[in-house]
Amino acid sequence: SLSKLQLKTGDLDPRLFSRLRHLQKLDLSDNLLDKFPNSLTLPDLRVLNCNNNKLEDVTALKQFPLLEELTYENNVYLTLNDDYKVMFLLQNLRRLNGKDITKLANHVRRVNSHKLTSKVTAHWEKFFRDQLPEKYTPEQVKSIKKKFLKSVQTNVVYGPSSLSEFTRWRVKMIAEEFLAGSLGLESNSDTEPEEKMDENEEESTESPKEVAEDVAQVGDFSSYISNVTVTPSKRKRNHSKSSPGKKRSKSQANTKEEDDVSAEPLHFLQCHSKGNSREDFKTQLWSCVFEPVLDSGARKDPIVSSSRTVATCGGESVCLIDCETGTVLKKYKVATEEFFSVAWTTLTMVISDSRKKAHNILAAAGRRGIVKLIHVAADYCYGEIKAHKKPIATVCFSPTQETHLFTASYDKRIALWDIGIPDCDYNFQASQLLVLEAASIPLRIALVPTCPEQYLLAGCEDGCFAWNIKLDKGQKSRPFEAIFQFPDDESMTTSHRVDGLAFLNDDVVVSKSSKPGCIYLWSWSRSFDAKGKGCQQTMSAVILAELEWSTTDMSYLTLSTCPAKDYVFCGDEKGSVWMYNLSNYITSWSSAKGKRSERRISPTQILKWPELRVNGEQPPEILVNNVVADPAFTYLVVLTSVNITAIWKKL
């Protein structure tokens, strides 16, 4: 036992440990180890306890091939992916963190490996075999190997996204072994030979540890909805009645390509039910945000360009969902809360030896006016900020200051918080930096992309406002700097509810007001006069275009944008999603003399809500409260008023 000795990695001297050739049990718990040296040897080690350390990687444990029992709980930087790695690397491992993993380990070593090997081989045969000439040079081999390894890690997918790191690790290993066998290249992986798969082996999705304290025991919604019929439909373009004689521009002409069905429904989930009741079709779902891709530290992964994990909130719970598989990865519940908004940030946290590492933190807030801070990888809600005495409508993080969080509340205030960075014991210090006074309840907020540390825009119950948020100004409590006017029949008005607000690019703002059937696109730079003197100025929004939308007067059906693909999305009161591809308009709008589009722009496509039946009946009226695409527009997540999360995938 070497427990509780404040040992660091450098204290494990290989010259000493290599002499302990008959040691079978070793306790290194409650120390400061961040990794294992590669040459400890210990050829007869059977039981190892590493609880309560700072371990970041488990691959060095492969040097203990006879290990049967392993525990490393309370190592906050280890994840489910590491559990799967040790199960593969340690062929004799039977117990992990106190649980019998025999069945799951057998699946990982055999079924998982068999599936991935088949996928890797198929990927080579389909995309790369014909690229290699019969007689090839070492340079050609090196080039095709590099391309293949990158491609196979990007495209071979298996299992939930919570295991994507393990999958890429194994895919790379298998691909290198395959290349060594096919092309005579040496493999860089230090692995055991593959075992043959038992043809009768069943796939298992057991986990060696609980993902969260109250994991949702919910699968694909359609698994317990009978008679699911999916009928996405196309919508014919409506041409403006006001100008029937005008010729259509080139950007409007290509209707055939634009009207093709471009997405298919993957999953319908009911994972926010109160008390996990399958009869709950009343819980409203409000907010969803895709998890950022980590790109620093030991987890650096240049292969992945966009996450497929999304955080959703509604009712008493926040869920993390793998969009590809429809798996609810984690679920957080607060019985007395109703969550309205979630937001991600990536904090650079200091770990052992003053080294830094990036971790994703999720903020969730709602009716109680409290912000919950969740370290997702550690399955731990480590703190809360009592931000407001009234409900919080929405939250968002600064894109440039990782600890800066804005909270917009029913108290008619928007607060800026520095949430601090938690230490290794999750101690943190939050402080309020600014309070922005609004004339009415703020519903949606957006930081101006070209100056996110200087201006914030908010859509409120009674107008659209802008604030100067620069912190070098001494004033902590600030009134709004500008209110924007929008067309209202024949005149301009500032008094209207703005329940949808987002930037399409650095300059184009998309906003939805209480005027039925209309979404405005307008220019921030041409509307906001930064040189104007004084506060609370009235400025006219320079309208670039109007988007045709539902004629409903229903409020709080918000919109979103996908800037990388020039898309705008907005749901309606019938469960449909209106999609607008605006790439053909962007260039003309960006010019200094860009003219307003004379007619309303029709949707590129409308995704109709499919026919779902519950106990033989369709759910009640379905409102789409929110719809969000991942940054690469691979998935579209639709949140409804009837406790159903729909996930579509772009074709």
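Tutor: Thr 167 touches Leu 116, Val 156 and Tyr 158, leaving aside residues up to four places away in sequence, where contact means heavy atoms within 4.5 Å. Before going further, note that this is a predicted model, in which local features need pLDDT of at least 70 and side-chain atom pairs count only at pLDDT 80 or more, while totals for chains, interfaces and linings use all residues. Residues are numbered from 1 along each chain as its sequence is written, and side-chain values use heavy atoms, with hydrogens and water left out.

Thr 167 belongs to helix α5, residues 164-183; helices (H or I, at least four residues) and strands (E, at least two) are DSSP runs numbered from the N terminus. With 5% relative accessibility, Thr 167 counts as buried, a term that stands for under 20% relative accessible area, against over 50% for exposed and partly exposed in between, with a 1.4 Å probe and protein chains only.

Turning to the rings, the structure holds 27 aromatic pairs, counted when the ring centres of Phe, Tyr and Trp (its six-membered ring) lie within 6.5 Å, with planes under 30 degrees apart called stacked, over 60 edge-to-face and the rest tilted. One of them joins Phe 268 and Trp 609 edge-to-face, at 5.6 Å centre to centre and with 80° between the planes. Phe 268 lies in strand β6 (residues 263-269) and Trp 609 in the loop between β33 and β34 (624-629), so this pair ties together parts that are 341 residues apart in sequence. Phe 268 is buried, at a relative accessible area of 3%, and Trp 609 also counts as buried, at 14% relative accessibility.

Strand β33 also belongs to an open sheet of 4 strands, ordered β30-β31-β32-β33 with antiparallel pairing, two strands being paired if DSSP finds at least two bridges between them. Because β30 (559-562) and β33 (605-607) stand at the edges with a single partner strand each, one side of each is left without a neighbour in the sheet. Within this sheet, β30 and β31 (residues 567-571) pair in the antiparallel sense over 4 bridges, and the bridge partner of Cys 562 in β31 is Tyr 567.
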